[in-house]
Amino acid sequence: MNLVAHLPILPVVVPLISAPIAVLSRRGSVAFVLATTASWAALALAVALWVQVGAEGTISYAIGNWPPPWGIEYRIDTLSAFVLVLVSGVAAIILPYCRRSIEAELPREQHYLFYAMFGLCLAGLLGIVATGDAFNIFVFVEISALASYALIALGRDRRALVASYQYLIMGTIGATFLVIGIGLLYLMTGTLNLADMRQRLADVSDMRPVLTALAFITAGMSLKLALFPLHQWLPNAYSHAPSAVSAFLAGTATKVSVYVLLRFYYSVFGAGLVSDLGLREVLLVLSLAAMFAASALAIFQTDLKKLLAYSSVAQIGYITLGLSFESVAGLTASIVHLFNHGITKAGLFMLVGGAVLVMGGSDMSRLAGLGRAMPLTSFGIVLGGLSLIGVPGTAGFISKWSLIVAALERNQWWLVFAIALSSLLALAYVWRFVEAAYLREPAQPREGGREAPPSMLISAWILVAASIYFGLDSSLTLGSAMAGAQSLLGAAP
Amino acid sequence: MTELIFHPGLLLAAAAPLIAWLRGPARTAAIVAAPLAAMILLWRLPQGVLWRGQFLDYAVAPLQLDAAARLFGLVFALMALGGGMFALRQPNRLEIPAAYLYAGSAIGVVLAGDLITLFVFWELMAVGSTLVIWAAATHASYRASIRYLMIHLLGGAVLFAGITGHVAQTGSTLFTALTLDSAAHWLIFAGFLVNAAAPPLSAWLSDAYPEASWSGTVFLSAFTTKTAVYVLMRGFAGTDLLVWVGLFMVFYGIVYALLENDMRRILAYSIVNQVGFMVAGIGIGTEMALNGTAAHAFSHILYKALLLMSAGSVLYATGRRKCSELGGLFHSMPATTACGIVGALAISAFPLTSGFVSKSMIAQAAADSHLVTVWLLLAAASAGVFLHAGIKFPWFVFFQKDSGLRPADPPASMRAAMYLFAFLCIALGVWPQPLYTLLPYEVSYEPYTAAHVLTQLQLLLFSGLAFFVVLPFLKRTATITLDADWIYRRLLAAAARRGISTYRLVASALANRVQALGRRWITAMNRNGTRERLFDRSGSTAGMAVWVMLMLIAQLALYHLF
């Protein structure tokens, strides 16, 4: 069997298989090794795919040799390869972190289940990105979502259950909307293959069901990607989940939902259809609302994890703002921010998880004096915070820069100003942490500085360092993002 | 680039962590050596673009030197040296490193050949100066530093928007002369003016600077406003609007300084006033005016630092800062009094002081350009300067009534810094030629003509007379003067609180309303009402679902109706 030929499906299959084996082993340590190996293998495969796509262009893979559009097709283009690398990379870096973090947060008998769920969630997210089949997308959305409900519910206090329940209700509504949309599209085109769907849509005379499908898919995915004001499930889910889960979901789940939206908009409906409908204006308004309202809400949080969660909602606003431009520059900004924010926020949640472990909670009052107690952790959080603000030299700056360039291309000066202004709000919420960590005296004096376990600290710092690195050398991220944007809009690569 | 060239600003900024780490004599040596090394480097560097680089497909020039940049860089390094000496006995170990970071990034701004480098150093400067204010470690200074930082980051955001616009439009990051012909250039202009303490955001200066420690204010007085002067000079020389902005600042500074009671706040308003002269000079924009502006910035940094050192010594010795609580200190602090008077004479542009040889150039440039109104206003303002800074400050602090305080002169290191700057103030007044050769354009100006000296002496004499005539009205009581910062310290804060609570109210009311509607509809649909109880049990989940429904309905309506 030639493994290279099966490359497109392997990143999905490897973690998917690791999950049942992990359950069968019933041993936390075995499950940990399995999940870690699977995620690193997935990363290696994703990178291999990325290189191959870069060299040879889009790869199409027919499952069971059933040629598309009859069989299920896996289709990897520049954008999906890029997102695959992001998702598997974040997972691969988080898994070594999980070991100590999960030991501290979960009872021993749940460990192997945790790793099984983690593997399933990863397989689901990678599957969404790799597949070229609409119904397959829905299936993987459900796989990843069900796994993430369980992962969130593992959080150590009882509010995690409520948060998970709310996420479950909302996620189910979102997925239902998605499947209704896909159903309508199937009804009108008679195919589930995305590329085929696009061709056949051109011949559809009655546009009403198609537009309805667009509305359902937009609403459903807006819910999943936590577009303001459909974000309300997110803060609780992120802040009550186990730290490793918060980090993983913050870095990947919403980003993959953005990917789905992009895929449907540009690979199925086509740029022409989407831009005539007033969708751009809706996205623009909601993105701005997210950038300002969610940032303002973040400033008033007393819990650091919740603050970061609201900040995620605000940063998602930047991503959808780029979407609303519907230009190569705008989509480039969206995609690059999807990556930059994914690694930054995952790194931040991991560091906060370490702080929670040592300080016993993520409430600002508990974190007072963190700068002295855990200098490496809090310095990392500050660096990640700088990237959230978009200070030059951090990955966040590259995102903001490309977003501003996109706004200028449309001659929208007020947007440039709005972007700059909302980064001031980001500064204010990052400042909340700086103030607590460096300026406030700890409530009770603690015994000398004790950092988080090295395995957690190193993993987290890899992501923080990456968010600085990609701020200094952006050729890799910006280049991939631009190639992805061009292929989506059908412009010459 | 064949040989390795050090960046003087980075050198100074890099000394900051070293100074924070060192102790004892080694620390003192580093504090003195770092600015000296920066000065020597600046002196020896050739002119032109020295560093080139690439950032995001744009060519950048992080190190570029010309005559004006050298002049400003030199005086910034000199200022760091004097301030560092003065602050040697400052117990707070953060202050000098922060100030060196601040000074180093100020030098970085003037040596930046492109707008991106400029922006990075610009923001570093905001951080450094905030840390200097912080180092006072009082509650008031902390709050002031936050307000200060917010204003500067706002200015930075405006500047950044302008820079990106400029780069996107022209495809070049190089910092050349600009004109106010596009939104981008207006934004850059506005960003620069925020740091120059121009109206309407002048109040940050007098709000924040006096809250720093007795030595911190000395550092603060020099860099932020003068880098703004430098970049305005380089980017917007000859913009008419600047003449009027500058004149406004001149008179704003005088009026508020006359009303003020806090000695260091008087001097802070006087910074606005002096920067006003420079901004007006940039607006006039002739070679003479720009020379005058550069020279005035140079001498202003020295005498304002000297004045603030003497005020800092008084604060150090007495712990008091209000004019109404001070007075009669000349008995026991003769050295401080003498240095304060030298600084006061220099700021009033007394002949044989540095102020005289520089300020008169700006007035002369106005006269040469036949701007009669401007010339008259500048002359009137010169008299005003003498009133508020030249006489008011020394009179109320060192003479006036006897407050009964008998503190000694400050320690030797502080006295040495004051003597150094006092010497420079007089030396520049007596031998202006070395300063003139450093100026960006050739100087053909002769300050010591009989007409110049006589005019200035008359002006000073009459305003001095006026001061003592109106003295009873100037007696300061402990009052608070209202300034534009009230708008953001009180009004906007209240509005923000109001806005957030209104948002919450409206959002929850809206969700409730729609939820109630839906509930009624559902109850009507199934009479037994089982679903109603479900909704009740998890209110917030239902609220979220309502939002999803609204989103879907809105989109459906949008696509099908239009």
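Q: What makes two residues count as a contact in this predicted model?
A: Two residues are in contact if their C-beta atoms, placed from the backbone, lie within 7 Å. In chain A of this predicted model, residues 24 or more positions apart account for 79% of the contacts with a separation of 6 or more.

Q: Why are α3(B) and α10(B) called roughly antiparallel?
A: The axes of helix α3 (residues 67–86) of chain B and helix α10 (residues 223–236) of chain B come within 11 Å and cross at roughly 175°. Angles over 145 degrees count as roughly antiparallel, and α3(B) and α10(B) are therefore given that description.

Q: Which residues of α3(B) and α10(B) meet?
A: On the side of α3(B) there are Ala68(B), Phe72(B) and Phe76(B), and these meet Phe223(B), Lys226(B), Tyr230(B) and Met233(B) of α10(B). Sorted by kind, the residues of this contact are 6 nonpolar, no polar and 1 charged.

Q: Why is Arg52(B) called partly exposed?
A: A residue is buried if 20 or more other C-beta atoms lie within 10 Å of its own and exposed if 12 or fewer do, with partly exposed in between. Arg52(B) has 14 other C-beta atoms within 10 Å, so Arg52(B) is partly exposed. Arg52(B) is found in strand β1 (residues 48–55) of chain B, and, not counting residues up to four places away in sequence, Arg52(B) touches Ala59(B) and Ala61(B).

Q: Why does Arg26(A) count as exposed?
A: The cut-off for exposed is 12 or fewer, and Arg26(A) has 12 C-beta neighbours inside 10 Å, so Arg26(A) counts as exposed. Arg26(A) lies in the loop between α1 (10–25) and α2 (28–56) of chain A.

Q: What is the phi of Arg26(A), and what is the phi of Leu352(B)?
A: Most residues other than glycine have a negative phi. Phi of Arg26(A), however, is near 55°, a positive value, and Leu352(B), which is not a glycine either, has a positive phi of about 75°. Leu352(B) is placed in the loop between α14 (334–347) and α15 (354–368) of chain B, and because 16 other C-beta atoms lie within 10 Å, Leu352(B) is partly exposed.

Q: How do you know that the peptide bond joining Phe228(A) and Pro229(A) is cis?
A: For the bond that joins Phe228(A) and Pro229(A), omega is about 0°, and the bond is cis. Pro229(A) is found in the loop between α8 and α9 (233–240) of chain A. In chain B, the peptide bond from Pro199(B) to Pro200(B) is also cis, with omega near 0°.

Note on methods:
Residues numbered from 1 in each chain as written. Chains lettered and ligands numbered in written order. Predicted model: local features only at pLDDT ≥ 70, side-chain atom pairs only at ≥ 80, totals over all residues. Axes fitted to C-alpha atoms, helices over the stretch in contact; angles between N-to-C directions. Helix = DSSP H or I, 4+ residues; strand = E, 2+ residues; numbered from the N terminus. Parallel < 35°, antiparallel > 145°, perpendicular 65-115°, else oblique. Nonpolar A, V, L, I, M, F, W, Y, C, P; charged D, E, K, R; others polar.
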